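Student: I would be grateful for a close look at a single part of this model, namely the surroundings of the ligand. Please take the contacts first and then the wider setting.

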Amino acid sequence: MFGKVLIANRGEIALRVHRACQEMGIRTVAVHSTADATAMHVRLADESVCIGPPNARDSYLNMAAILSAATITGADAVHPGYGFLSENARFAEMVEAHGLKFIGPSPEHIRMMGDKIAAKNAMRSLGVPLVPGSPGALESFEEARAIAEQVKFPVLIKAAAGGGGRGMKVARSAEELEEAWRVARAEAKAAFGDDSVYLEKYLDRPRHIELQVLADTHGNVVHFGERDCSLQRRHQKLVEEAGSPVLSQADRDALGARVTAALARLGYRNAGTLEFLWQDGQFAFIEMNTRLQVEHPVTEMVCGIDLVKEQIRIAAGEALGYAQSDIRFNGHAIECRITAEDPETFAPSPGRVNTYHAPGGLGVRVDSALYSGYTVPPHYDSLVAKLVVHAPTRAEAIGRMRRALAEMVVAGIRTTLPLHQAVMEHPEFQAGDYTIHWLERFVAARQG
Ligand code: ADP
């Protein structure tokens, strides 16, 4: 097992990884920008290294600085968290070239899944169902139009290098397609330096359902069921639950069997998430994330495992030591992403948190790097806490979340706590009756 792990991230996820390491008897190295000198992950880690100025490009994305920090502190492995360098194949290669272990998949698989067209081609050849659309990158507008007419409007133009919903445009007719083609390519070029785009049929009322997998280096692949992440705003997830209110154990088993067989053939290792759209009982693959997800705690609560410890054990070469049939799904879990934003306009609200009080009690988990007197810097993602509850049934989980939200205090900045409380109180949410478009409409209605 590793003696020391460098955590190449900040905020709640750096803390999450630190906690797993501590419990495993592994020492930790925090890295931080000058803006994060007093951050919780820096305070709790065994050692810390300042890697640059506030701008992430010069600090948390600065590969040379992070590798130097790993070398001078004598770390054995690097955990990238999510975001930042977690899906950067070049970084994974450089970590390994420095004689350290990258706690994640192989650079080849990171690269393959980072190119959404390559990812879809791989999944197609492995028998995983896809959203109908173009077989690869679109060569011309004429090709886009021909395929759109074949799969029927509405369609979506998506960036091959996409992420965070950028470079994605809907077209409902041939006229709109011209505009979507132009705008999506320009956005993709600006955001990713690559204007390759592809086309998918636009599903009008899908749910976003994703499957959590783990694979060791001995050929064992298991899944930990699904998360329903349909509650999104601008393609960003706000509330996630495990399991999905619409899936039965038989549906879960069937999808899981298909996916684990495909990943075994691919020779995938470590943690991964396959994202699907689900409509009318059909699954269609959209992308694979080759890292730990923000919403991984709901899976941990339901399955009773620690996914970060599993990632570390796998990277150290250990075998999983259990089979699919050993994995049990107990009760229901819900996560609310609390962000430092206005709950109605979503305007960012960084600043000093005068008072922070985390809720507690049975079945309540808070993953957060907040403390009273902490100043949320304006430079990074606005996520400040993940409030997670677990209960025997979905109805009890909702009741527990309402109670926990009411107890939580983050004073001094605006947060999305009131929005989450309103979602939990809504009869349609309570009935599990929602698609990926539900939250946008709900937010628009609140804004009047
Ligand atoms: P990104 O990597 O930019 O997040 P994804 O492919 O994961 O892009 O899609 C993000 C979200 O966009 C999905 O969760 C879903 O809400 C929506 N979406 C993606 N593809 C489609 C589609 N074919 N039809 C309808 N909605 C889609």
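Tutor: An N or O atom in the side chain of His 208 lies 2.8 Å from an oxygen atom of the ligand; please bear in mind that the model is predicted. The side chain of Glu 287 likewise places an N or O atom 2.6 Å from a ligand oxygen. The backbone takes part as well: a polar backbone atom of Lys 201 is 2.9 Å from a nitrogen atom of the ligand. The ligand on its own would expose 550 Å², of which the protein buries 96%.

These contacts belong to a wider shell. In total, 20 residues surround the ligand, and Lys 116, Gly 165, His 208, Gln 232 and Glu 287 are the closest. Sorted by class, the shell consists of eight nonpolar, six polar and six charged residues.

As to where the shell comes from, at least two of its residues are supplied by each of strand 6 (155-163), strand 8 (197-201), strand 12 (270-279) and strand 13 (282-289). Strand 6 makes the greatest contribution, giving three residues. On the scale of domains, the ligand lies between domain 2 (132-201) and domain 3 (207-447), because both give residues to the shell around it.

Note on methods. Residues numbered from 1 in each chain as written. Predicted model: local features only at pLDDT ≥ 70, side-chain atom pairs only at ≥ 80, totals over all residues. Heavy atoms only, no water. Near = heavy atom within 4 Å. Polar contact = N/O pair within 3.5 Å; in protein donor to acceptor, adjacent residues only side chain to side chain. Areas by Shrake-Rupley, 256 points an atom, 1.4 Å probe, with all protein chains shown as cover. Helix = DSSP H or I, 4+ residues; strand = E, 2+ residues; numbered from the N terminus. Nonpolar A, V, L, I, M, F, W, Y, C, P; charged D, E, K, R; others polar. Domains from an automatic or database assignment.
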